[in-house]
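Hi,

Here's the model I promised to pass on. Have a look, and my notes follow below.

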Amino acid sequence: MMLGVLLRIEWLKAVKRRSFWVAVGAFAVFIAIPAVERIRNVHKNPNLSYALPESWPDILGAAAGLGPFFVGVLMILLVAPEFTWRTARQNVIDGLSKERFYVGKVMLLAGLISFFIAIAMLVGVGGTLFSPSEGGPGILRPTDLSYLGSLALSLLLVGSAGLMLSVLIRSSGLALGALFLYLIVEEAVGRLISQAGGGLRRSAEYLPSNILDQLGNDLAHYPEVLADVNSRRMERGLEPREFLDVEVLAIAALVYSALFLGLAFLSMCKRDL
Amino acid sequence: MHAIQTSNLTKRYGTSGAKSVLAVDRISFAVEEGQVFGFLGPNGSGKTTTIGMLVGTIKPTSGSFNLFGASDPKGLMVARARLGATLETPNFYPYMSGRDNLCVAAAVKGVGRPRIDECLELVGLSDRAKHRFKTYSLGMKQRLALAATMLNDPELIILDEPANGLDPQGIREIREVIRVLANRGKTIFLSSHLLTEVERTCSHVSIIRQGRIVACGAVAEVVGEGGAMLLRAEDPEALAGAIRAYPETTSVRRTDEGIVAALNADDVASVTRYLAGQGIYLTYLAPYRLSLEEVFIDLTQGAVDSMAEIASG
């Protein structure tokens, strides 16, 4: 069966779901609020600017804030009920193999990532049309592309975690609980490890939510902004902020995503429906 | 050609130990193409697990099966495209309309949209097609499941309790649909508790109890297997007691007509000689045709007794 058909089946299931549109709408509002605020400020103060490509960090930063969690939660809301409603079983009876059912869910994840990035870009880029500011040359700089790629990886990381929890736990309520519990536990563990210092402290940076934080932080992608922020921090006697290389962050995000997707695949194939 | 053939098919849930459950125990049966095959058994006897293995949602622990002669994973995928099935309750997306649910099933089966309207019409759901599935009555849900099953015009139709929740009229409609499909040459594998319906509809049956097949064959054979006799004597109590003690007796039941004894062998001379030896002289003896329901109760008595014990505390 062609991937396009699997995507069409998943899309049909998703767009009929009210929670899908509630999440999409909430996400659009969430990223539109800072854009509207910026535009209002620009109208009040001509020294400020909201234009491309300079404003990409703001546009992508807003999407990177809660976007991954919207995708993770949506994946759980769209996948886990397939087991409680037993529609996963019926899909397999109707002719999808378990493997194809799983591939369909991966296609859904890819679709959600594309859709959320498209919304972020539409809202952000559309917002610049209402701004009197004029941008610099070009629309996208290499650093903007890097940040855009990192946003996609952030969405993939949490979305694949949502898919894994859905397939392992098979209940949307419990899977959501597990996702949030994990984030709380990881934060606590990360804090404990950070206090230990040395090599152990460095290892805490590779925990999934730290990878997520760094991927979504514009400072990790714009060295000139980071240098500026750090010089001001040093003036105030604060330690400079440090980030892992974007390549390292990308590899770590891909490794975690592959692990989550692999576990979901194994569970899907091994367990009865 | 066999539409379905199983050989020592077994399913054990959980790893071996006290908590593991042997749901299906080395069952072997065959369903020929064009047969209407009834698959009977009490709740928890392993019917749905067996069907689950056939349709690919449950992995067998051991044994094998083939569909239309195919037993390898690739061949089974192709063979499964020739079947339509529903398991237990109808499983659909509650937030979607009946038509949208069929659109999903049609996309999975690679069927065009015109067929959706045909199937909705066939099960009488055209008027409610745009309503959400969660607003449907159980009978409507069952009919939608039947429509989904028939989308790809399957050669083999597997129905697990299709009459569940239906009123007498609904049951009659389902029976009619099954009869129409059977007349079109479809192979039908029907799991049901409605034994009268199965007896009327099916040509062959298999009865499963505690995961094992206890009877299998043409309905007439299964019903007539071993034979049963209707007996009368001056003292019915003594007759019932004596025939119950007869070694070839499998069950004894009192009816308005007399004592009905199901026997492993229908050797009339031996029975009369045995009863005469017990001082009981028959006033009436005739062959008795058990109904499928009576055979079912006889063969699954253990399960029924267990339920009675549980009920009585």
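First, a pocket here is an open set of points on a 1 Å grid over the protein atoms alone, where a 1.4 Å probe fits and protein lies on both sides within 12 Å along at least five of seven lines; lining residues have an atom within 4 Å of a point. Volume is the space filled by probe spheres set on the points, which are joined across faces, edges and corners.

Housekeeping: this is a predicted model, with local features needing pLDDT of at least 70 and side-chain atom pairs pLDDT 80 or more, while totals for chains, interfaces and linings use all residues. Residues are numbered from 1 along each chain, chains are lettered from A in the order written, and side-chain values use heavy atoms, without hydrogens or water.

The largest pocket holds about 880 Å³ of space. Its lining has 29 residues, with A:Ser194, A:Glu205, A:Asn210, A:Gln214 and A:Glu242 nearest the centre. H8(A) supplies the largest share, seven residues (helices are DSSP runs of H or I, at least four residues, numbered from the N terminus).

The second largest pocket comes to about 520 Å³. Among its 21 lining residues, B:Gly56, B:Lys59, B:Pro73, B:Leu76 and B:Arg80 lie nearest the centre, and H2(B) gives the most, with five.

As for the interface, 28 residues of chain A are in contact (heavy atoms within 4.5 Å) with 26 of chain B. The rule finds five salt bridges across it, meaning a Lys or Arg side-chain nitrogen within 4 Å of an Asp or Glu carboxyl oxygen. A:Arg86 and B:Glu88 form a salt bridge, with the closest N and O atoms 2.8 Å apart.

Cheers

Key:
Helix = DSSP H or I, 4+ residues; strand = E, 2+ residues; numbered from the N terminus.
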